[in-house]
Amino acid sequence: QVQLVESGGGLVQPGGSLKLSCAASGATFSIYSMGWYRQAPGKQRELVAAITSGGSINFADSVKGRSTISRDNAKNIIVLQLNSLKPEDTAAYYCNGKRRSLGKDYNYWGQGTQVTVSS
């Protein structure tokens with residue numbers, strides 16, 4: 001079992017930046033692929049950025065070029081940096097950890113943190 005706790009959300013003006021952190025506990029963090037997803041009201045949850053256990057990174061086209069994601073396996077955290085924020089970035093952001101072992105999928109979610117981009 002993995003517990004994920006997000007922090008760093010809040011209200012930010014368009015063009016601003018925000019850093020979201022996700023702290024993991026309860027399992028061997030380094031073997032999990034980690035990611036950030038977001039869900040705006042009335043929309044489906046979508047991938048924002050992901051980083052595998054091997055360090056490969058993937059971004060959604062909507063945030064590519066203005067976001068970074070990193071992980072610190074010693075501290076069991078991942079960090080998403082969002083820059084040049086737009087009103088359409090407003091959403092609840094969720095941390096995700098997943099892995100596949102012996103044909104079984106393990107998939108965990110945090111409670112989410114709200115990001116609101118508004119002037």
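**Figure 1. Cys95, with a relative accessible area of 0%, is buried, and this residue forms a disulfide with Cys22.** The structure is a predicted model, in which local features need pLDDT of at least 70, side-chain atom pairs count only at pLDDT 80 or more, and totals for chains, interfaces and linings use all residues. Residues are numbered from 1 along each chain as its sequence is written, and side-chain values use heavy atoms, with hydrogens and water left out. Buried means under 20% relative accessible area, exposed means over 50%, and partly exposed lies in between (1.4 Å probe, protein chains only). Cys22 has 1% relative accessibility and therefore also counts as buried. A disulfide is a pair of cysteine sulfur atoms within 2.5 Å; in this pair the sulfur atoms are 2.0 Å apart. Distant parts of the chain are linked in this way, since Cys22 lies in strand S3 and Cys95 in strand S9 (residues 91-101), 73 residues apart. The torsion about the S-S bond of Cys22 and Cys95 is about -80 degrees, so the disulfide is left-handed. A search of the whole structure finds 1 disulfide.

**Figure 2. An open sheet is formed by 4 strands in the order S1-S3-S8-S7, with antiparallel pairing.** Strands (E, at least two residues) and helices (H or I, at least four residues) are DSSP runs, numbered from the N terminus. Two strands pair if DSSP finds at least two bridges between them. Strand S1 (3-7) and strand S7 (67-72) stand at the edges; each has a single partner strand, so one side of each is left without a neighbour in the sheet. From one strand to the next the twist averages 15 degrees, where axes are lines fitted to C-alpha atoms (for helices over the stretch in contact) and angles run from 0 to 180 degrees between N-to-C directions. Strand S3 (residues 18-25) pairs with strand S8 (residues 77-82) over 6 bridges. In this pairing, Ser21 stands opposite Val79, and Leu20 has Leu80 as its bridge partner. In a regular strand the side chains alternate between the two faces of the sheet.

**Figure 3. S7 and S8 form a hairpin with 4 residues between the strands.** The two strands run antiparallel and are joined by 6 bridges, and Asp72 has Ile77 in S8 as its bridge partner. Asn76 is found in the loop between S7 and S8. Although Asn76 is not a glycine, its phi is positive, at about 60 degrees. Most residues other than glycine have a negative phi, and most peptide bonds are trans. With a relative accessible area of 22%, Asn76 is partly exposed. Ser84, in the loop between S8 and S9, has a positive phi near 50 degrees. Its relative accessibility is 42%, so Ser84 counts as partly exposed.

**Figure 4. Strand S9 pairs in the antiparallel sense with S4, with strand S10 (residues 104-109) and with S11.** S4 and S9 share 7 bridges, and Ser33 stands opposite Lys98 in S9. S9 and S10 pair over 6 bridges, and the bridge partner of Gly97 in S10 is Tyr108. The hairpin of S9 and S10 has 2 residues between the strands, and Leu102 takes a positive phi near 50 degrees there. S9 and S11 are joined by 3 bridges, with Ala91 opposite Val115.

**Figure 5. The largest nonpolar core holds 29 residues.** A nonpolar core is a set of buried Ala, Val, Leu, Ile, Met, Phe, Trp, Tyr and Cys residues joined through side-chain atoms within 4.5 Å. Leu4, Leu20, Met34, Trp36, Val48, Leu80 and Tyr93 touch the most other members. At least two residues of this core come from each of S3, S4, strand S5 (46-51), S8, S9 and strand S11 (113-117); S3 gives the most, with 4 residues. In soluble globular proteins, nonpolar side chains tend to be buried together. Contact means heavy atoms within 4.5 Å. Leaving aside neighbours within four places in sequence, the residues in contact with Tyr93 include Leu20, Trp36, Val48, Leu80 and Val115.

**Figure 6. Gln39 is located in strand S4 (residues 33-39).** With 29% relative accessibility, Gln39 counts as partly exposed. Not counting residues up to four places away in sequence, Gln39 touches Gln44, Arg45, Ala91, Ala92 and Tyr94. The side chains of Gln39 and Arg45 are joined by a polar contact of 3.4 Å. A polar contact is a pair of N or O atoms within 3.5 Å; within protein, one must be able to donate a hydrogen and the other to accept it, and residues adjacent in sequence count only if both atoms are side-chain atoms. The C-alpha atoms of Gln39 and Thr90 are separated by 8.6 Å, and these residues are 51 residues apart along the chain.
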